[in-house]
Amino acid sequence: MAKTTYCLGLDFGSDSVRALLVNTSTGEEIATSVHHYKRWGAGKYCDPSKNQFRQHPQDYIEGIEQSITEIVKEVGEEVAQNIVGVGVDTTGSTPVAVDAKGTPLALLDEFRENPNAMFVLWKDHTAIQEADEINALCKKWDIDYSQYEGGIYSSEWFWSKILHISRQDKSVHKAAFSWVEHCDWIPFLLTGGTDVNEMKRSRCAAGHKALWHKTFGGLPPNTFFAALDPLLDGLRDRLYTKTYTSEIPVGTLSPEWAERLGLPESVVVSVGAFDAHMGAVGARTEPYFLTKIMGTSTCDILVAPLEGEEKLVKGICGQVNGSVIPNMLGLEAGQSAFGDIYAWYEKLLGWPIEELIGNSNVIDAVTKERLIKEALKDLIPKLSHAASKEPIGASGELALDWMNGRRTPDANQNLKGVISGINLGSTSPKVFRALVEATCFGAKKIVDRFLSEGIPIKGVVALGGVAKKSPFIMQMMADVLDMPIKVVASEQACALGASIFGAVAAGIYEYVPQAMQKMGSPFETVYKPDTDRTKEYTAIYRKYNNLCETMERHIMEQVKRNE
């Protein structure tokens with residue numbers, strides 16, 4: 001009788017890392033552990049008013065050790081010794097400057113408290129100017145190197161961030177031998193890598209965020225980057241040409257990490273990728289089904305067979321052979337803010353609650369903390385319930401979902417959020433409803449772009465915190481898209497996808513689709529559109545589009561005047 005084997009999936013999100021242990025034969029989720037980043041939770045190294053979001057590598061290291069050792073302790077020695085693989089997904093583009101050994105500069109004493117030496121989180125938009133310069137150069141160059149990334153390069157991506165940090169911080173620029181993505185560094189770390197030139201780079205990260213494409217011979221040439229800014233001259237030669245899909249092994253756990261985690265040194269670590277792409281694999285995605293990973297932002301992932309000449313889809317976040325499933329085209333889109341918008345509104349309404357209770361002189365500190373938590377815990381659910389009772393479009397309140405810029409269609413991080421149509425009858429639930437409608441309309445803009453570019457969408461699959469927790473938002477999404485939405489049962493679909501790649505890298509399965517069928521998550525809920533509501537939303541959607549055009553024109557005119 002064959003022994004039961006297990007794989008771990010590590011999912012590095014914006015706030016925490018989640019470890020998931022999965023039975024490779026059945027896909028049963030055996031144990032899970034979540035570690036919240038200590039420094040990030042304290043708000044260190046970030047300045048939201050400047051769109052600066054940085055994460056210290058020490059948060060990631062502590063997260064790996066604590067989440068996995070908790071699982072090992074829970075399942076016991078016998079199960080732990082039968083763990084054969086680890087897969088890794090992270091946010092992205094989340095790059096960091098490293099020395100020649102591949103060590104992030106923030107782990108060196110000289111840079112330990114320097115935010116520019118830390119990982120530049122996906123939602124950091126400090127590099128808007130640099131993205132504009134990259135786009136301008138791409139349009140003037142003999143080859144438009146942005147053509148496989150939707151034709152518009154974003155401030156959220158690899159080169160924009162590198163150039164911005166290099167300009168802002170001479171000490172980091174001088175010390176940086178190379179730059180690496182978060183999803184590339186974690187497998188390198190776990191396998192004991194000591195030479196950044198030997199690091200296996202993710203096809204997913206390189207193709208979607210770093211201008212890499214096979215027809216270019218890899219990354220654009222050094223002449224392109226030197227023309228962009230002499231600060232980048234020579235960096236390309238210290239990066240990479242070859243990339244790898246995520247079923248490829250990086251190596252096995254180093255003796256140090258095997259001991260720290262309580263795992264065998266034989267555990268295989270696979271090439272990393274971005275969370276949304278692995279989430280689609282955990283959700284058992286199929287060709288032309290749009291998989292929506294709905295959390296702080298959204299990532300929309302679609303896979304298509306490689307048949308005939310590849311059609312370029314404008315305004316998305318790239319199309320890459322093998323970024324999701326090997327030997328299939330992976331297409332990515334998404335919204336820069338989704339759950340973040342609801343969280344912002346919660347903070348906006350919660351501030352007076354915290355101030356009034358926190359400054360009370362008649363309540364002790366422990367009671368204050370309890371009362372604040374209780375008040376804020378139910379804020380969004382109560383708002384959702386009240387907003388669901390409001391008519392579609394409420395009393396004319398209308399919002400735009402650009403609180404963190406626009407990712408797709410047509411990336412533009414200069415854009416700002418809007419709430420319009422407010423009157424003396426506007427209430428918190430009415431405004432909240434307008435915000436939810438805006439996020440759903442933003443999702444429809446993405447669907448419309450795929451369809452207008454000739455990419456069919458056969459269905460919609462949803463996963464993530466919003467999909468699991470908010471029937472109000474999910475039903476509205478189905479009504480606005482006029483499509484049924486299937487919600488994945490797994491609470492940790494991204495980590496599940498990572499474990500699937502770990503199983504293939506470890507040799508348990510030969511192909512990713514084979515492993516997906518055995519280990520992928522079933523569905524737990526289907527939201528079906530209501531025809532009458534869909535017609536009503538169509539009318540509001542037209543108003544949303546009109547407001548989009550008006551505000552984008554106004555904002556960009558302001559940007560030009562300020563240049």
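## Exercises on rings, a buried arginine and a sheet

Let's start with a cluster: ring pairs join Trp 141, Tyr 145, Tyr 148, Phe 158, Trp 159, Phe 216, Phe 224 and Phe 225. Rings of Phe, Tyr and Trp (its six-membered ring) pair if their centres lie within 6.5 Å; planes under 30 degrees apart count as stacked, over 60 as edge-to-face and the rest as tilted. A heads-up: this is a predicted model, where local features need pLDDT of at least 70 and side-chain atom pairs count only at pLDDT 80 or more, while totals for chains, interfaces and linings use all residues. Residues are numbered from 1 along each chain as its sequence is written, and side-chain values use heavy atoms, with hydrogens and water left out.

**Exercise 1.** Work out how the rings of Tyr 60 and Phe 119 are arranged.

*Solution.* 
- By the ring rule, there are 21 aromatic pairs.
- In this one, the centres sit 5.0 Å apart and the planes meet at 65°, so Tyr 60 and Phe 119 are edge-to-face.
- Now place them: Tyr 60 is in helix α2 (residues 57-75) and Phe 119 in strand β7 (residues 119-120), 59 residues apart. Helices (H or I, at least four residues) and strands (E, at least two) are DSSP runs, numbered from the N terminus.
- Tyr 60 has 0% relative accessibility, so it counts as buried (under 20% relative accessible area; exposed is over 50%, partly exposed in between; 1.4 Å probe, protein chains only).
- Phe 119, also at 0%, counts as buried.

**Exercise 2.** Find out whether Arg 39 is buried or exposed, and which residues it touches.

*Solution.* 
- Look in helix α1 (residues 38-41), which holds Arg 39.
- Its relative accessible area is 15%, so Arg 39 is buried.
- Leaving out residues up to four places away in sequence, Arg 39 touches Lys 44, Tyr 45, His 56, Gln 58, Asp 59 and Glu 62 (contact means heavy atoms within 4.5 Å).
- With Asp 59, the side chains of the two make a polar contact at 2.7 Å (a pair of N or O atoms within 3.5 Å; within protein, one must be able to donate a hydrogen and the other to accept it, and residues adjacent in sequence count only if both atoms are side-chain atoms).
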